[in-house]
Every structure is written in structure tokens, then in C-alpha cells.
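Here is a short note for a colleague opening this entry for the first time. Please read the points with the model in view.

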Amino acid sequence: MSDYVLTIGNRNYSSWSLRAWLVLKQCGVPFTEDQVWLDEDERRAQRLQRGPTGKVPVLRHGERVIWDSLAIAEYLAEQHAEAGLWPSDLDARAR
């Protein structure tokens, strides 16, 4: 089992889910994909068990729960600097 668990909707219909999935793929780290249905409101309770907002994507890494695609990207960029997600130059990152 991997250290990362990514809860997403369907990558074909949820671009936010796709973004987090692509960042993990770019890092090259193993992760478990947990796909949930987004079109049925009665399943919101299931989604709330995975993250505090009931929305996707949600990345779980140990006790940490990160639930925003940009926050997930920033977290992974810090955890896996070797993946080169962000430029190392401060000015380049600012642009």
C-alpha cells in the first residue's frame, strides 16, 4: 500500500480531480486512487468521511488531509522537490 491516497471523482468529468491526479503522476510516487461518485447527493456523507468539505480532490498522506488541488500541488512540490514541479528559482516561481 502506498503512503498517498487520492480521492477523486471521474477524471473525464472532474478537471479538479484530474489536476491532482496529474501532479501525483508527475511526481512519480505510488498512490492509491479512491474514486467516488459526484452526481448523487446522497453519497455526500461518504465523501465527508474522506475530507472535511465533501468535495474532491482530497489527498491523504498519513494523518494529513489536503483538500484543494493547488494545495495538493504545493504539498507534493515540497515533499518531492526532485520531481521539479515548481522552478527552483524564486523569480521564476513568482512569475
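**Notes on the predicted model**

1. Buried residues make up 37% of the chain's 95 residues. Buried means under 20% relative accessible area, exposed over 50%, and partly exposed in between, with a 1.4 Å probe and protein chains only.

2. This is a predicted model: local features need pLDDT of at least 70, side-chain atom pairs count only at pLDDT 80 or more, and totals for chains, interfaces and linings use all residues. Residues are numbered from 1 along each chain as its sequence is written, and side-chain values use heavy atoms, with hydrogens and water left out.

3. The chain has 4 helices and 4 strands. Along the sequence they follow the pattern β-α-β-α-β-β-α-α. Helices (H or I, at least four residues) and strands (E, at least two) are DSSP runs, numbered from the N terminus.

4. Take contacts between residues at least 6 apart in sequence: 54% of them join residues at least 24 apart. Contact means heavy atoms within 4.5 Å.

5. W37 lies in the loop between strand 2 (31-35) and helix 2 (44-50). W37 is exposed, with a relative accessible area of 53%. N10 is 27 residues from W37 in sequence, yet their C-alpha atoms are 7.5 Å apart.

6. Two arginines sit over tryptophan rings. R11 lies over the face of W21, 4.0 Å from the ring centre. The charged end of R19 is over the ring of W16, at 4.1 Å from its centre. The criterion: NZ of Lys or CZ of Arg within 6 Å of the ring centre and within 35 degrees of the ring normal.
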